[in-house]
Amino acid sequence: FTNKAGATFNAQPGASTSISGTGSFTNQGTFTKTVAPTVTISQPFSNSGTVTVSAGTLSLNAGGTDSGAYSVGTGATLQFTSGTRTLNTGASVSGAGSVVFGGGTVTLNDSYNVGGTTTLSGATVGFNGSFASGGAVTVSGGSASFDTPAASLTFPNLTVSAGTLTGSDDFIVSGAWTWSGGAITGSGTLTTNAGVVTTLNSSNA
């Protein structure tokens, strides 16, 4: 299925819905989700247009190649759960909502700027473009590698309970910081700002 440039695909199911099949879904136009029930796309999904998630959860369960924009509204969630996905130059993930990297391999080569939480629970994720998260960053599985042009990132709150936090960037934590499992590696440094309370429950330190 191809949603051509200038066309709009409104995902507004009355109940949780899965889009699946042997083919692929290509969005060149506008894809919108404005209702609460979860929409799961279980075939390769590529976006060169605009995807807007205003409510509920959009779960992408297969890979794809993107050059367009993903926008996640307040209270909404965008999930990447399986497959190999590359967000190339020109692709962006933004908005006041939250993003979950649950599985697969995701490489982000351009802008990532979300106001909600960022959760890495099983995917292998590479952040190679700009990165900003207004909410807590949680690594509970998989691997999160930060090699951004800024070379230094500030996390408002950071939790590492499993998996690996790595990369060449320096990490600065400005709020709560909890390490209860997993590994922290890479060539960068980790710094906590004045007033930060660190909770260490891990034997990996």
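**Figure 1. A salt bridge between Arg85 and Asp66.** The side chains of Arg85 and Asp66 form a salt bridge with an N to O distance of 2.8 Å; the term denotes a side-chain nitrogen of Lys or Arg within 4 Å of a carboxyl oxygen of Asp or Glu. The two residues come from distant parts of the chain, 19 residues apart: Arg85 belongs to strand 13 (residues 84-87) and Asp66 to strand 10 (residues 64-66). Strands (E, at least two residues) are DSSP runs, numbered from the N terminus. By this rule the count comes to one salt bridge. Arg85 and Asp66 are both buried, where buried means under 20% relative accessible area, exposed over 50%, and partly exposed in between (1.4 Å probe, protein chains only).

The model is predicted: local features need pLDDT of at least 70, side-chain atom pairs count only at pLDDT 80 or more, and totals for chains, interfaces and linings use all residues. Residues are numbered from 1 along each chain as its sequence is written, and side-chain values use heavy atoms, with hydrogens and water left out.

**Figure 2. The stacked rings of Phe80 and Phe101.** Rings of Phe, Tyr and Trp (its six-membered ring) pair if their centres lie within 6.5 Å; planes under 30 degrees apart count as stacked, over 60 as edge-to-face and the rest as tilted. By this rule the count comes to 21 aromatic pairs. In one of them, Phe80 and Phe101 are stacked, at 5.5 Å centre to centre with 20° between the planes. This pair links distant parts of the chain, since Phe80 is in strand 12 (residues 77-80) and Phe101 is in strand 15 (residues 98-101), 21 residues apart. Phe80 has a relative accessible area of 2% and is therefore buried; Phe101, at 0%, is buried as well.

**Figure 3. The edge-to-face rings of Phe146 and Phe171.** The ring centres of Phe146 and Phe171 are 5.7 Å apart and the planes stand at 80°, so this pair is edge-to-face. Distant parts of the chain are again linked: Phe146 lies in strand 20 (residues 137-146) and Phe171 in strand 23 (residues 170-173), 25 residues apart. Phe146 is buried because its relative accessibility is 0%, and Phe171 is buried at 3%. One aromatic cluster includes Phe80, Phe101, Phe146 and Phe171, along with Tyr70, Tyr112, Phe127, Phe131 and Phe155.

**Figure 4. Parallel pairing around strand 12.** Two strands pair if DSSP finds at least two bridges between them. Strand 12 pairs in the parallel sense with strand 9 (residues 57-60) over four bridges, and Leu58 stands opposite Leu78 in strand 12. Strand 12 also runs parallel to strand 15, to which four bridges join it. The bridge partner of Gln79 in strand 15 is Val100.

Figure 5. Asp169 occupies the loop between strand 22 (158-167) and strand 23. Asp169 is buried yet has no salt bridge, and Arg85, the nearest side chain of opposite charge, is 21 Å away; Lys and Arg count as positive and Asp and Glu as negative, while His and the chain ends are not counted. Leaving aside neighbours within four places in sequence, Asp169 has contacts (heavy atoms within 4.5 Å) with residues including Phe146, Asp147, Thr148 and Gly188.

**Figure 6. Thr198 in strand 27.** Thr198 is found in strand 27 (residues 198-200). Thr198 counts as partly exposed because its relative accessibility is 43%. Apart from residues up to four places away in sequence, Thr198 touches Trp177 and Thr192.
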